[in-house]
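Hi everyone, thanks for coming. Please have a look at the sequence and the model on the screen, and then I'll walk you through what I found.

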Amino acid sequence: MKDNKLITLAFETSCDETSVAVVSNGREVLSNAISSQIDVHKVFGGVVPEIASRHHLNNINYVYDQAMKEAGLSLEDVDIIGVTNGPGLVGALLIGIATAKSFALATNKPLIGVHHIQGHICANYIEHKDLEPPFLALIVSGGHTDLVNVKDYQELEVLGCTRDDAAGEAFDKVARVLGLGYPGGPKIDKIAKEGNPHAVEFKRTLLEKDSLDFSFSGLKTGVLNFVNSEKQKRKDINVPDVAASFQLAVVDVLVAKAMMAISKTGHDKLVLAGGVAANSLLRKMLKEACDKEGISLYYPSLELCTDNAAMIGCAAYYKYKAGLVDDLYMDAYATLSL
Ligand code: KG4
Ligand code: ZN
């Protein structure tokens, strides 16, 4: 029974997680079923789009069954249907979208397309029941590194973004160079704990003086060049030291830019989101920087940092409340502005 709450059924298939969630009144998660394809893709060292689509197609009905069972609800209880419609891998997105459309058509319930990054921000509304806009958000994932001025639930202004690699992408590529496997972020996070973060001083790219943009490709190349030159000299690579030094270089830049954006916008709340928000050093150093400035820092629990449908359900709820509803012509977008 659903007790007069607004129930959202949500789908997320933008990359390599097939996820279906049931969310009540936007912030209460009744179920958040996730089937990860990490084991499938790790033999290739990264996500293979065509394989991702096929696995979403194979899995989505089972993940849906699991989500409904855990929520203890049936399709008649669902009020609105949310789905990620970009940015992401188009073939992968289309599986979630086609499924969501079928349910919307069969039940005649509203269909709401959700921007993946807005979803990541909303993971914090689930985790922190008292969190309300306005605030500054730092979204760091495999595909994005964005600083967003969240003025209201639907009023988002991108203040800065990466000009080349996303932070998570740099973690994944450096992990591959160091032979740590995929996905690289959690592996580097773990092994860096045994290393000296000041062993190698990799260059931090801060761009123009006032810029809130990011650039991580130079750092990635710096690590690659360092590893190659050590190999040429027939020296052993100290993997924990290189991982720790690389991680500190990324985190230094993320913290510096986030605090610069805080002082520019005057916000007193900083919200961290996306897969890289799981990084232990990033959480620690941001907390120290925020404490120093009297800023409240928010981040989601580990499960809500990486891709999941609960965050999409939350975002769909707030879009529905704002009257933002899509129709069955909704499409999938590889790139999509906020
Ligand atoms: O948000 P997400 O699940 O997918 C995208 O929307 O891209 O983020 C995945 C990214 C991957 O690049 C992964 O290596 C990174 O998040 N990641 C981490 C950690 N856990 C996941 N990066 C650094 N430290 C971590 N603990
Ligand atoms: Zn994501």
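There are 14 salt bridges in this structure, a salt bridge being a side-chain nitrogen of Lys or Arg within 4 Å of a carboxyl oxygen of Asp or Glu. One of them joins the side chains of R163 and E208, at 2.8 Å from N to O. That pair ties together distant parts of the chain, 45 residues apart: R163 sits in the loop between β8 (155-161) and α5, and E208 in the loop between α6 and α7 (217-232). When I name helices (H or I, at least four residues) and strands (E, at least two), they are DSSP runs, numbered from the N terminus.

A quick word on where this comes from. This is a predicted model, where local features need pLDDT of at least 70 and side-chain atom pairs count only at pLDDT 80 or more, while totals for chains, interfaces and linings use all residues. Residues are numbered from 1 along each chain as its sequence is written, chains are lettered from A and ligands numbered from 1 in the order in which they are written, and side-chain values use heavy atoms, with hydrogens and water left out.

Now, how is the protein chain divided? Domain 1 covers 7-123 + 305-321, and domain 2 covers 133-300; these bounds come from an automatic or database domain assignment. Their centres, taken over C-alpha atoms, are 27 Å apart. In the contact between them (heavy atoms within 4.5 Å), domain 1 takes part with 17 residues and domain 2 with 20.

Together the two domains bury about 1,600 Å², 70% of it on carbon and sulfur atoms. Buried area here is the accessible area (1.4 Å probe) that two parts lose on being put together, summed over both. I117, I121 and C305 supply 39% of what domain 1 buries against domain 2, more than any other three residues.

How many salt bridges are there between domain 1 and domain 2? The count is zero. On the side of domain 1 that touches domain 2, α1 (38-42), α4 (116-127) and α11 (309-321) each supply at least two residues. The largest share, five residues, comes from α4.

Which residues coordinate the zinc ion (ligand 2)? They are H116 (NE2), H120 (NE2) and D307 (OD), at 2.0 to 2.1 Å. Donors are N, O and S atoms within 2.8 Å of the metal (3.2 Å for Na, K and Ca), and water is not among the atoms, so sites may look incomplete. In sequence, these donor residues follow the spacing H-x3-H-x186-D. Both H116 and H120 lie in α4, four residues apart, about one turn of the helix.

Finally, some backbone details. P133 and P134 are joined by a cis peptide bond, with omega about 5°, and P134 lies in the loop between α4 and β6 (135-140). The peptide bond from Y182 to P183 is cis too, with omega near -10°; P183 is in the loop between α5 (167-177) and α6 (184-192). N108, in the loop between α3 (90-107) and β5 (111-115), has a positive phi near 60° although this residue is not glycine.
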